[in-house]
Amino acid sequence: MLEQVNEKIDVLVAFRKKGEVLPLSFDWDNRKYCVNKVNLVHSEKKGSNKWYHFSVSSNESYFKLGFDTGNHAWVLEEAYLA
Amino acid sequence: MDSYFATVEQQARPYLRGKPVVVSGKEGSRSVIVASSREAKRLGIKTGMLHFEARSIFKDIIFVEPDGAKYVYLTKLFIEIFKKFTEVVEVFSIDEAFLDMSGHCKTVEQAICSAEKIKQEVQRQLGSWVTCSIGIAENKLLSKLASNMNKPDGLFLIDEHNKNSVLKKIKLTDFCGIGRRIEKRLEALGVQSVERLSEYPLAALINEFGPHSGKKLFGMSRGEDDEPVVSYLKEIEPKSVGRAHTMKENTYDKEKILLTILHLCDATGRELRRKKLAGKTIVIYWRYNDFTYGGTRKTFKGYVSSGMNLYKLSKSHIEKYSFPKSVRLVGVHVSNLVKNYKQLPLWEDERKMLKVLPYLDKINDEYGELTIKPAFLLKQKRLRNKVGGFKIRD
């Protein structure tokens, strides 16, 4: 079932020379999740801050990671655990 | 784009792929389905259906709430793709565009080749699950028809070889611009097919539908359309500006209705000012619980672009009104528009408001709608952002 999480998390990220930002793995609920695929990226303004949302797969599970460019904080927004 | 919102959600969330999914408000809410995935469409679940209708067709249908920011972002992405092929791109809706390729393709083969490259680029940038269907023809009417011929992931050409056979096969409502209301009126004239429409005299169509629509219908039946592709750079001035909102529950409560109208007037006023427009005619309308409509319309002596003024004008009407049935939806729209209206109001408090409004708009643009708001709206939450009515904004 899809779960709304909205918790701050630690994320390991690659900054690539083409300007892409690629989340590689993150820690949540005492577990490390490796990002196998970034399925979609989109951005929006929330208040005065720009957010980037990464819809990613970790094996069969799905996670939506949000990056708040104003606070430089990563948030696990939603999760679907297979 | 094919089943746009639904396929975008399936692209983002792989666990939804291959399953019947609909994009809609929360299950149990009063919203309708705004998009069905290919799998849901195959089951007969269509846009515009209510939740219980979808469930009655397939009990395990998956409901996904819309994410407007996601769709708008991807729409801007695919428009940028189209702009690489031609500068004449008309954004028809959040998931459709017309491209005038006449300056770039000399032959049909070149047009087909460009279309295939566009499809590949859309999948490369938006994701492998997101597909588009392209129609190629000599005008917008036929290219729109063609784009619906071979969905999903389709590519269809209408030219002089197959135009007549295509027109013979389609229904009247397959034309963009002919909905159920016009279809019923045509049926009442004994016109139930495109072929019959092509045989109907032009003078009689003009008599029934007026000179503009009559000629348009006449042309449609022959696959004729001389409307140019209007580049997104030349935004057509709107004929009206407005907002509507479905209430959480049907209500007779005038205070709740007026509060919603105030919010809609505030949002409409902001939109007018953003487009540097002011309007003279205001329409407040509502839909009752039985889906019939009511409303009131007034044209004023002066032009208005302030939400509060729109509200004061509408309030005076609504307060006297007695709703015979409970109200499900309320809307506001302003027409009879003029651009760059600069006449100063007579009264001092209105002149003060006019000075302050641009700053209020800036704050709300930066921090979100209703960051600063009239005191009456203090407890009002932001009405859900529209998913329809897409506008390109840089």
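Let's start where the chains meet. Twelve residues of chain A are in contact with 13 residues of chain B; contact means that the C-beta atoms of two residues, placed from the backbone, lie within 7 Å. This is a predicted model, where local features need pLDDT of at least 70, side-chain atom pairs count only at pLDDT 80 or more, and totals for chains, interfaces and linings use all residues. Residues are numbered from 1 along each chain as its sequence is written, with chains lettered from A and ligands numbered from 1 in the order in which they are written.

Which elements of chain A give two or more residues to the side that touches chain B? Strand 5 (37-46) and strand 6 (49-58). Strand 5 of chain A gives the largest share, five residues. Strands (E, at least two residues) and helices (H or I, at least four) are DSSP runs, numbered from the N terminus. By class, this side of chain A has four nonpolar, seven polar and one charged residues. Here Ala, Val, Leu, Ile, Met, Phe, Trp, Tyr, Cys and Pro count as nonpolar, Asp, Glu, Lys and Arg as charged, and the others, Gly among them, as polar.

Now the strands themselves. Strand 5 and strand 6 of chain A pair antiparallel over nine bridges; pairing takes at least two DSSP bridges between two strands. A:K37 has A:S57 in strand 6 as its bridge partner. The two strands form a hairpin with two residues between them, and A:G47 in the turn has a positive phi of about 65 degrees.

Move on one strand. Strand 6 of chain A also runs antiparallel to strand 7 (residues 61-68), joined by eight bridges. A:H53 is bridged to A:G66 in strand 7. Again there are two residues between the strands of the hairpin, and A:N59 takes a positive phi near 55 degrees.

Over to chain B. Its secondary structure comes to 14 helices and eleven strands. Chain B is as compact as a globular protein of its 394 residues, because its radius of gyration is 23 Å, close to the 21 Å from the globule rule. That radius is taken over C-alpha atoms, and the rule is 2.2 Å times the number of residues to the power 0.38.

Last, confidence. The model scores ipTM 0.96 and pTM 0.76. Mean pLDDT, the predictor's confidence in each residue from 0 to 100, is 87 for chain B, and 91% of its residues reach 70 or more. Over residues 385-394 of chain B, pLDDT stays under 50. Where pLDDT is low, the predicted coordinates should not be read in detail.
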